[in-house]
Amino acid sequence: MRGAMELEPELLLQEARESVEAAQSYRRELGHRLEGLREARRQIKESASQTRDVLKQHFNDLKGTLGKLLDERLVTLLQEVDTIEQETIKPLDDCQKLIEHGVNTAEDLVREGEIAMLDGVGEENEKLWSFTKKASHIQLDSLPEVPLLVDVPCLSAQLDDSILNIVKDHIFKHGTVASRPPVQIEELIEKPGGIIVRWCKVDDDFTAQDYRLQFRKSTSNHFEDVYVGSETEFIVLHIDPNVDYQFRVCARGDGRQEWSPWSVPQIGHSTLVPHEWTAGFEGYSLSSRRNIALRNDSESSGVLYSRAPTYFCGQTLTFRVETVGQPDRRDSIGVCAAKQDGYDSLQRDQAVCISTNGAVFVNGKEMTNQLPAVTSGSTVTFDIEAVTLGTTNNSEGGNFKLRVTISSNNREVVFDWLLDQSCGSLYFGCSFFYPGWKVLVF
């Protein structure tokens with residue numbers, strides 16, 4: 001009884017420590033949730049402020065544009081009035097000049113005739129004879145035509161106030177405010193030298209025609225487009241390892257030209273070392289990042305291996321054929337346990353590969369199952385899982401078994417690959433016998 005009493009304080013002390021630790025953990029979790037609430041509040045406040053600014057700027061721009069359009073239309077109509085006025089006044093001006101000339105001629109003739117008549121009538125009165133002769137040559141009965149008022153233009157402006165109702169209806173329906181974007185980024189999956197971005201619709205009433213994906217380094221102020229299309233998944237390459245990147249996506253509605261608001265930016269990074277081909281191999285030219293290999297015109301042949309064994313079981317290794325050359329049955333794209341010089345193809349022991357004609361080889365033996373031939377744009381993927389990590393009892397040799405899935409052109413083959421030794425990481429490689437083949441690995 002006494003021993004139990006002596007242990008009781010220690011038990012109480014231990015229980016107290018555990019309670020304190022639990023309280024500290026609880027406090028930390030509550031702190032994380034408070035920070036999450038602050039982030040949520042900040043997102044609402046900042047997005048609301050940005051939306052107000054966008055709305056004000058947009059409607060100010062609209063008012064300026066509408067005012068400019070109305071001014072331009074007014075100038076056009078006033079010019080039409082000026083043109084009609086000038087074109088229709090000119091005939092009247094010509095007629096007025098003709099009448100004024102006739103009035104002057106008649107006044108001159110009246111004065112001359114009155115003078116001639118004052119001198120009387122006689123044989124020797126030359127003025128009267130000359131006036132009479134002159135008057136006979138002037139057509140005093142010819143009067144110019146003056147148009148009736150109903151036959152000349154009477155300008156007016158035809159203005160229809162219904163445009164106000166039309167514009168009002170459009171203005172009242174113009175613009176919407178959404179509480180959230182119609183698409184959001186769903187998942188970010190790291191790849192060697194890349195990140196797979198997947199997104200989905202969150203608005204069931206929104207019908208998407210195209211999506212637009214952008215990314216940027218977290219230290220940059222500028223997003224850049226990396227994909228526009230109808231797919232909901234894209235792998236962004238040229239990702240530096242252990243560097244944060246921001247991704248965002250938007251969509252364009254069916255039959256619409258404008259893009260939707262951007263999704264909430266998501267931050268992702270890749271901790272995986274980028275896959276690279278071995279530099280300096282005479283038969284192949286490499287891209288600056290050494291993830292693209294081009295079979296050149298060199299007569300050298302052999303297997304181009306990866307710089308290091310950067311492929312690990314449980315990952316997906318992807319080859320994309322950018323361009324093709326003349327195929328050969330000895331061509332190969334695949335993985336191996338180790339580099340082995342002296343071979344011109346991966347169709348050998350301790351390697352699995354696919355030839356450009358679609359044949360699949362395991363440890364140098366061709367399988368009965370075959371994949372479609374590799375063409376420009378084809379994607380070949382290798383998924384390898386460890387099945388057995390101990391000695392296997394079989395007649396085919398090999399101590400370790402790996403389950404391999406090779407996919408190409410929407411078809412796949414699955415088989416077991418037996419190795420002589422355990423391999424935590426694998427090399428990849430390719431071999432082509434004719435120039436023109438270009439392969440990207442990621």
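**Notes on the domain 2 and domain 3 interface**

1. Domain 2 and domain 3 bury about 440 Å² between them, and carbon and sulfur atoms give 42% of that area. Buried area here is the accessible area (1.4 Å probe) that two parts lose on being put together, summed over both. On the domain 2 side, Lys191, Leu237 and His238 supply 74% of the area buried against domain 3, more than any other three residues.

2. This is a predicted model, in which local features need pLDDT of at least 70 and side-chain atom pairs count only at pLDDT 80 or more, while totals for chains, interfaces and linings use all residues. Residues are numbered from 1 along each chain as its sequence is written, and side-chain values use heavy atoms, with hydrogens and water left out.

3. The domain assignment, which is automatic or from a database, gives domain 1 (25-139), domain 2 (183-269) and domain 3 (284-441). The contact (heavy atoms within 4.5 Å) takes 5 residues from domain 2 and 7 residues from domain 3. The centres of these two domains, taken over C-alpha atoms, are 31 Å apart.

4. There is 1 salt bridge between domain 2 and domain 3, a salt bridge being a side-chain nitrogen of Lys or Arg within 4 Å of a carboxyl oxygen of Asp or Glu. Arg289 and Asp240 form a salt bridge through their side chains, at 3.6 Å from N to O.

5. The UniProt annotation "domain: Fibronectin type-III", from an unreviewed entry, covers residues 181-274; such annotations may be inferred rather than shown by experiment. Over residues 181-274 the chain is 0% helix and 53% strand (strands are DSSP runs of E, at least two residues; helices of H or I, at least four). The end C-alpha atoms of this stretch lie 33 Å apart.

6. The salt bridge count comes to 19. Arg198 is in strand β2 (residues 194-201) and Glu233 in strand β5 (residues 233-237), so the pair links parts of the chain 35 residues apart.
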